[in-house]
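I opened this notebook to record what I looked up in one structure. The entries run from the overall fold to single residues.

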Amino acid sequence: RVFKRGDTYSATSARMVLLTKPEYPVTDPEPSFSRIFKNFSTRDYKWIAGLGFGGLCTGYLSGTGGPRKIPMYFGLFIGVTGGIFRGISVSAQKLMGTVPPDF
């Protein structure tokens with residue numbers, strides 16, 4: 001069911017308590033983990049790649065005076081993980097109607 005603006009919405013059975021009423025159409029008030037990943041947009045994957053590349057560069061530059069591979073891979077891991085968490089957060093918010101669908 002697609003909820004429209006102005007419909008009544010009950011968040012009592014949801015895992016996350018919304019403090020404000022959703023301003024945008026609610027696609028899924030309680031999205032599953034697989035639904036959140038399926039709702040990833042191209043922009044979310046760009047964020048993952050960008051944060052991963054930024055972490056890779058930061059890790060490489062921080063490894064002066066010693067081996068650069070370990071900090072480089074650790075920076076990549078931190079960046080990709082941050083990008084995935086950002087994507088999960090934004091995708092879930094889009095499904096629950098708290099941010100615009102094209103965010």
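The entries below are grouped by topic.

**Entry 1: model and confidence.** I noted at the outset that this is a predicted model. I looked up the confidence and found an average pLDDT of 85 for the protein, with 82% of the residues scoring at least 70. Among the helices, I found the lowest confidence in α1, at a mean of 92, and the highest in α2, at 95. I keep in mind that where pLDDT is low, the predicted coordinates should not be read in detail.

**Entry 2: overall fold.** I counted three helices and zero strands, and the pattern along the sequence reads α-α-α. Of the 103 residues, 29% are buried. I then looked at contacts with a separation of 6 or more: residues 24 or more positions apart account for 59% of them.

**Entry 3: helix α3.** I checked the length of α3 against expectation. Its 28 residues should span 40 Å at 1.5 Å a residue, and the end C-alpha atoms lie 41 Å apart, so the two values agree. Helix α3 covers residues 69–96. Just after this helix, Gly97 adopts a positive phi of about 85°.

**Entry 4: the buried side of α3.** I asked which helices the buried residues of α3 pack against. They pack against α1 (33–38) and α2 (42–62). The buried residues of α3 include Gly75, Gly79, Gly83 and Gly87. I recall that an α-helix has 3.6 residues a turn, so residues three or four places apart point the same way. Ile88, Val90, Leu95 and Met96 are also among the buried residues of α3.

**Entry 5: Met72.** I class Met72 as buried because its relative accessible area is 18%, and the cut-off for buried is under 20%. Leaving aside neighbours within four places in sequence, I found Met72 in contact with Gly55, Leu56, Gly59 and Tyr60. For Met72 and Gly55, the separation is 17 residues in sequence and 7.5 Å in space, C-alpha to C-alpha.

Entry 6: Is Phe77 buried or exposed? I class Phe77 as exposed because its relative accessible area is 52%, where exposed requires over 50%. Phe77 also belongs to helix α3. Together with Phe74 and Ile78, Phe77 forms a nonpolar patch on the surface, and the three have about 340 Å² of accessible area together.

Technical notes:
Residues are numbered from 1 along each chain as its sequence is written. This is a predicted model: local features need pLDDT of at least 70, side-chain atom pairs count only at pLDDT 80 or more; totals for chains, interfaces and linings use all residues. Side-chain values use heavy atoms; hydrogens and water are left out. Patches are made of residues with over 30% relative accessible area and no salt bridge: like charges are joined within 9 Å, nonpolar side chains (Val, Leu, Ile, Met, Phe, Trp, Tyr) within 5 Å. Accessible areas come from the Shrake-Rupley method with a 1.4 Å probe; for residues, only the protein chains shown count as cover. A salt bridge is a side-chain nitrogen of Lys or Arg within 4 Å of a carboxyl oxygen of Asp or Glu. Helices (H or I, at least four residues) and strands (E, at least two) are DSSP runs, numbered from the N terminus. Buried means under 20% relative accessible area, exposed over 50%, partly exposed in between (1.4 Å probe, protein chains only). Contact means heavy atoms within 4.5 Å. The expected span of a helix is 1.5 Å times one less than its number of residues. pLDDT is the predictor's confidence in each residue, from 0 to 100.
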